[in-house]
Amino acid sequence: MPGFELFGDLERKEVNDVLDNGVLMRYGFDGMRKGHWKAKALESELAQTFNSKHVQLVSSGTAAVSVALASAGVGAGDEVIMPTFTFVASFEAIMMLGAVPVLVDIDDTLTLDPKAVENAITSKTKAVMVVQMCGSMGHMDALRTICTKHNLIFVEDACQAIGGSYKGKPLGSIADVGCFSFDFVKTITCGEGGAVVTNNKNYYNNADHYSDHGHDHVGNDRGAESHPFLGYNFRISELNAAVGLAQVRRLPEFIKIQKRNYSIIREALSKIPEVTFRTVPEGGEESYAFLNFFLPDLEFARQVSQSFKDNGIDACFHYYDNNWHYIRKWDHLKELKSLYPISNEVREGLQYLKNKTFEQSDAYIARNISCLIKLSWTEEEVGQRAEKMAAIIKSI
Ligand SMILES: Cc1ncc(COP(=O)(O)O)c(C=O)c1O
């Protein structure tokens, strides 16, 4: 991560195609386009990349999660099980539909603990959303078994894990419906953008219509299209899709660089007895977007995190003290601070967060450091960085 580090002629050419014909919208204006349909072209490239039947591009990863859930019929009062360690977008996207996020503990994969998921199921549970955090994955087989047993929709947020795989299948393509983000800091970027990925034709049709005001996209006269159901605008623009089109073609190159850089740092840190690494389920291969490791305790991790910062080792996150990614600091969610009135169902559904503690999640996140792997580092730079990181950890 992230693809923006390597923008070049390919991105420029795709964007210039769009500017040359002037059609920035993904639908309609067939005559003016000179054959350029960047969003459609990106959807078919992504379908190949993810080995999936259907892809619907949307305006962001957050939109992708909302659209995916809506397309699967999740709505008012339904409970969606999600992990305590994720990005705030996960609960935002659920609450936007009037549904209730049910946060449960993570394990050493750094995402859903299957036991915690099973314990959280109630008669209101409609979906389980695994979040493939920091380039790796959850126990996909165990989670699938739980979803099948309880007749729940299995959702995969792979926004941070493009390029990873499990038992040969691309992350994001394994659950009933998958979500990706192509925001500015992701492995491949559109500037802003996201995608819903599925083999379910019905979910796909719903996503296609719902993300464009409910338009059925039949024919080529937008004004004459009918609206089988209500929708919103989560469209991506042709300009954003054009950037993504160039970037997705470079994904294998990006993953190769990430893997090289990740491996150099991991090799250096693996010689330190105090360092252990996150569990990657058997059959899984990370995207190498981050290197996650555990230290003996919270105090040790805090000191390493501070010392990394003081010594110029950037982009290494200690999420225990971070506002974006871990439940501990999400007071705005716990206190339900909203600009507008929230429905009683959601208000009551979230009462549990006022007093609930997550000791198991705390135990992992307190000890975890998550280091972003950049694409622009030279091999020599990564080597020096790895040595410096190892020296800092040994000095604590
Ligand atoms: C796990 C996860 N889900 C969803 C999102 C939301 O993506 P976007 O920024 O494109 O809305 C992000 C963004 O960082 C993310 O990390």
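Seven strands form an open sheet of mixed pairing, in the order S1-S9-S8-S5-S4-S2-S3. The model described here is predicted.

**Helices packed on the sheet**

- Helix H2 (residues 38–49) packs on the sheet through contacts with S1 and strand S9 (194–198).
- The direction of helix H2 makes about 135 degrees with that of S1.
- Helix H6 (residues 140–150) lies across S4 and strand S5 (153–157), and the helix runs at about 150 degrees to S5.

**Pairing of S2 and S4**

- Strand S2 (residues 79–83) and strand S4 (residues 125–131) run parallel and are joined by 3 bridges.
- Within this part of the sheet, Ile81 has Val128 in S4 as its bridge partner.

- Phe308 belongs to helix H10 (residues 298–310).
- The relative accessibility of Phe308 is 1%, so this residue counts as buried, the cut-off being under 20%.
- Leaving aside residues up to four places away in sequence, Phe308 touches Phe293, Ile313, Cys316, Ile369, Cys371, Met389, Ile392 and Ile393.
- Between Phe308 and Lys388 there are 8.8 Å in space, C-alpha to C-alpha, although the two residues are 80 residues apart in sequence.

Conventions:
Residues numbered from 1 in each chain as written. Predicted model: local features only at pLDDT ≥ 70, side-chain atom pairs only at ≥ 80, totals over all residues. Heavy atoms only, no water. Pairing = 2+ DSSP bridges. Helix = DSSP H or I, 4+ residues; strand = E, 2+ residues; numbered from the N terminus. Contact = heavy atoms within 4.5 Å. Axes fitted to C-alpha atoms, helices over the stretch in contact; angles between N-to-C directions. Buried < 20%, exposed > 50% of the residue type's maximum accessible area, 1.4 Å probe, protein only.
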